Structures are given as C-alpha cells and as structure tokens.
Amino acid sequence: MANLNRVFLIGNLTRDPELRYTPSGMAVVTLRLAVNHRFKDRSGELKQDACFINVVVWDKQAETSNQYLKKGSSVLIEGRLQSRSWQDNEGKNRSVVEVRADRVVFLDGSQKRSAAKDNSEQDQNQDQNIDVESTNNKTQPQETLNDVSWPQEMDEQVS
C-alpha cells in the first residue's frame, strides 16, 4: 500500500514566531500561517477565504526562522502533517493536526538581505529567496512537542 504525507504551503505569518526549547535544549518554533484561497461564488463574485495552519520548525532552522521572520512575513513551507494528543490542566483530552516543517523559504526581500548578510552559506536558492533547511533533516529530533511547555492560549486554539 502506497503512502504519501507531503505538504507545500505559501502564506503569511499571522503573528511573530514563538520560540521555545525542549528540556534537552533543542529549539522549536511555532509559526501560525494564513494561506489564502481565491474563488468565484455562484454569482460570479470574487471571494477570498483563508486557512490558518500551525507549523512546527525544529533545531537550527527554528532559531533562524525566529531570528528573521515576523508577523506578516511571506514564507514557503515544505513538510508533512503530524498529529499529537495530550491532556490539558483540566484533564480534557486535546489533539491537533499541524505541519512539521522540513524546509522554510523566506520570500520577503528585506529578510533576504538580512539573512544573506548574516548567513550567506544558507542562501542557496537561485531565485534569491532564503531557503533555510535543517542541518539534520535526515535524523528527526528525538523530542516531541509534548516535551515543550506551551502557552495556555495555544491549548485553547487547538482544542
């Protein structure tokens, strides 16, 4: 049986990145991404709809994303869907489906200049976008998101 779990998204951040560290010191950042969809309704009027998606970025890529991205930044995310479950402080079972990023490409020009100046070895995209790929993409971190302390509003958003 064939399986494929691959996601490509282009959108804008709805808030600044949220950087945290696992108990062992590994960086993890959460990006909240808005992806717009334009369509015509039955009357022919142009409409726009937005899908809001949580993206989780790990390790050096998380730190670089936190450094250069901000609310409104335009990014391309390549990754996979993952689900996780936990019990909140009140004992309720919670679950969420989110994107675990394998690659983050900064699409804004101002970030391109800043990141290229500070991290020129990471600017490898011919279109002059910043392509920040994790240095340990082949080995996934052993920690899980359940090891990271989350703000209470994150639990409310993912219920």
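Tutor: A nonpolar core is a set of buried Ala, Val, Leu, Ile, Met, Phe, Trp, Tyr and Cys residues joined through side-chain atoms within 4.5 Å. Keep in mind that this is a predicted model.

Student: Fine. Which residues touch the most other members of the largest nonpolar core?

Tutor: Leu9, Leu31, Leu33, Val55, Val57 and Ile77 do, in a core of 20 residues. Two or more residues each come from strand 1 (7-13), strand 3 (27-40), strand 4 (46-58), helix 1 (59-68), strand 5 (74-87) and strand 6 (93-106).

Student: Which element gives the largest share of this core?

Tutor: Strand 3, with five residues. As a general point, nonpolar side chains tend to be buried together in soluble globular proteins.

Student: Take valine 57. What does it touch, leaving out residues up to four places away in sequence?

Tutor: Valine 57 touches Ala27, Val28, Val29, Leu31, Ala62, Ser65, Ala101 and Val104.

Student: And aspartate 59, what about its phi?

Tutor: Phi of aspartate 59 is near 60°, a positive value in a residue other than glycine. Aspartate 59 is placed in helix 1.

Student: Switching to strand 2. Which residues are on its covered face, and which on the uncovered one?

Tutor: In strand 2 (residues 18-21), Glu18 and Arg20 make up the covered face, while Leu19 and Tyr21 make up the uncovered one.

Student: How does strand 2 pair with strand 3, parallel or antiparallel?

Tutor: Antiparallel, over four bridges. Leucine 19 stands opposite valine 29 of strand 3. The two strands form a hairpin with five residues between them, and glycine 25 in the turn has a positive phi of about 95°.

Student: Back to charges. How many salt bridges are there?

Tutor: The count comes to nine. One of them joins arginine 103 to glutamate 78, with the closest N and O atoms 3.0 Å apart. Arginine 103 lies in strand 6 and glutamate 78 in strand 5, so this pair ties together parts that are 25 residues apart in sequence.

Student: Why does glutamate 78 count as buried?

Tutor: Its relative accessibility is 15%, and buried means under 20%. Arginine 103, at 21% relative accessibility, counts as partly exposed.

Student: What about arginine 84, which residue does it form a salt bridge with?

Tutor: Arginine 84 pairs with glutamate 98, the closest N and O atoms being 2.8 Å apart. Arginine 84 lies in strand 5 and glutamate 98 in strand 6, so the pair ties together parts that are 14 residues apart in sequence. Both arginine 84 and glutamate 98 are buried.

Student: Which residues do salt bridges with shared partners join into one network?

Tutor: Arg6, Glu78, Asp102 and Arg103.

Student: One last thing on glutamate 98: what is its relative accessibility?

Tutor: Glutamate 98 has a relative accessibility of 2%, so it counts as buried. Its side chain also makes a polar contact with the side chain of arginine 84, at 2.8 Å.

Terms used. Residues numbered from 1 in each chain as written. Predicted model: local features only at pLDDT ≥ 70, side-chain atom pairs only at ≥ 80, totals over all residues. Heavy atoms only, no water. Buried < 20%, exposed > 50% of the residue type's maximum accessible area, 1.4 Å probe, protein only. Contact = heavy atoms within 4.5 Å. Pairing = 2+ DSSP bridges. Salt bridge = Lys/Arg side-chain N within 4 Å of Asp/Glu carboxyl O. Polar contact = N/O pair within 3.5 Å; in protein donor to acceptor, adjacent residues only side chain to side chain.
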